[in-house]
Amino acid sequence: SHEHSAEEINDKLTVWDFHTDREETLSIPYKHLQSIYVTPKKDSLILSVDGHPRVINIQNGDPIKSLVNPTSHDKYVYNLCLSSDGRFLAGIHGQAIIQLWRYDYAIYLESLADNQTFIKDLKFSDDCNYLVSADYGGSLYLWHVPTRSVVNRITPHSSAINCLDFTFDGKMIITGSDDAMIRVLNFNSITEGKGTVGSAHPINDLVISDSKNRVFTVSNEGVIQKWNISNGQKLNIVGSHDDSILSISASLDGKYAITISHQDQIKCWDFMNFTEIYTIPLSASYRYKVVIAPDSSYFVSLGHQKLYLHNLVDGEVLFELGHDQNIDHCIISNDSNYIIALDRGGTITKWDVDTKKEVQAISTNDIVISKTSDGESLVSVAENGDVVFREVISLKIKSIIHTTIKSPTYIASSYDDSLVSITSDTGSLYIIDVKSKTVIAQYSGDFAFTCCGFGKANR
């Protein structure tokens with residue numbers, strides 16, 4: 001409630017006990033509240049105050065901690081929502097932007113936007129892997145939290161969706177709308193993709209085995225699934241985590257594979273028979289991507305504004321490389337001497353592994369990046385759709401292929417570097433002939449592609 005006077009507005013919170021009808025008013029040291037959220041443990045409240053989330057004790061109103069919002073100067077943040085595991089906090093910024101924080105570390109992550117008009121409500125899924133947002137146009141957007149990307153959009157209402165929530169078992173979403181309808185939606189049907197091989201869970205990453213025509217995928221189901229490339233047949237589950245698996249990387253010699261899960265756990269596998277070699281718990285920081293060096297001496301895991309270099313033999317962290325932005329894409333040179341990364345601001349940075357120092361950084365408009373199979377060039381897709389080839393040593397541009405590809409999510413070169421494949425958030429896969437600089441094939445689906453790769457015969 002707000003008590004207006006000539007000098008100021010004083011905000012007060014009233015807390016009711018449903019069982020005893022007891023009512024208590026808390027005087028709080030903040031003004032201009034826009035949102036109140038009760039934490040799952042019910043011991044504290046998260047308030048949005050002038051765009052900044054503030055946490056207070058529910059018993060006495062004492063401040064506990066504050067979360068910084070770097071864009072709060074121009075818009076409010078409301079409809080705060082906390083994931084059930086206490087890791088992520090989300091709020092609606094202005095009308096069409098979602099702000100995301102790591103609540104447990106009090107760290108601001110980023111803003112999420114995907115042309116959604118006037119967001120009215122949002123909720124995290126029961127497994128904390130998804131965030132569902134409802135808008136004025138009657139649409140629901142399904143965000144994949146680890147990758148910060150929209151994986152599905154449906155329009156169950158003809159008018160604005162004013163509220164949404166999950167049932168206690170997490171299997172259904174209930175929505176209420178201006179069209180005077182309440183709809184009950186099956187959450188699994190919203191998360192399921194339509195793939196040739198019928199995966200029931202969104203696939204986050206994949207690797208292709210050099211032998212026996214096999215591909216290994218990791219998904220939100222928490223398993224490593226083996227498939228037959230030739231016929232799309234699902235074979236067997238070869239490994240698992242207790243939570244969603246975000247990334248998988250295999251060594252070039254075919255001996256090792258590294259996986260990382262949503263619960264911050266890294267596992268090393270014998271890639272020949274998929275027996276587990278070791279497990280590393282990562283309780284101190286969130287990681288979301290792993291890459292094995294070509295010489296199999298180390299691997300890199302990506303975290304919040306950091307790269308961690310691990311010994312492949314036992315997983316021990318050898319050293320860390322700091323960065324001022326989150327990194328989505330990491331490449332290791334074929335001689336394993338350099339680590340090259342593309343951050344979310346478009347900057348390509350190169351580090352020397354021996355000296356542990358940054359040796360070069362350039363500003364670009366690139367969104368995704370990889371390297372050619374011969375290791376001599378970097379290949380990336382810029383914001384305007386250009387496919388750019390750069391020298392690994394100097395980072396200078398060698399050639400450009402002009403395309404109109406929008407929202408790229410992944411890029412890969414064929415084994416002989418004659419072809420490049422690019423996936424997009426719009427559900428398209430493009431095959432480009434490098435010599436003729438033309439798109440020679442395009443495939444379209446109903447859901448965003450997250451990863452791709454070529455078999456040895458370029459088939």
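1. Is I174 buried, partly exposed or exposed? I174 counts as partly exposed, because its relative accessibility is 36%. Buried means under 20% relative accessible area, exposed over 50%, and partly exposed in between (1.4 Å probe, protein chains only). I174 sits in strand β17.

2. A note on the model. This is a predicted model, where local features need pLDDT of at least 70, side-chain atom pairs count only at pLDDT 80 or more, and totals for chains, interfaces and linings use all residues. Residues are numbered from 1 along each chain as its sequence is written, and side-chain values use heavy atoms, with hydrogens and water left out.

3. The structure holds 10 salt bridges. A salt bridge is a side-chain nitrogen of Lys or Arg within 4 Å of a carboxyl oxygen of Asp or Glu.

4. One of them joins R344 to E110, with the closest N and O atoms 1.8 Å apart. The pair links distant parts of the chain, 234 residues apart: R344 is in the loop between β32 and β33, E110 in strand β11. Strands (E, at least two residues) are DSSP runs, numbered from the N terminus. R344 is partly exposed at 29%. E110 is buried at 17%.

5. R390 lies in strand β37 and D366 in strand β35, 24 residues apart. R390 counts as buried because its relative accessibility is 7%. D366 is buried too, at 6%.

How values were computed: Helix = DSSP H or I, 4+ residues; strand = E, 2+ residues; numbered from the N terminus.
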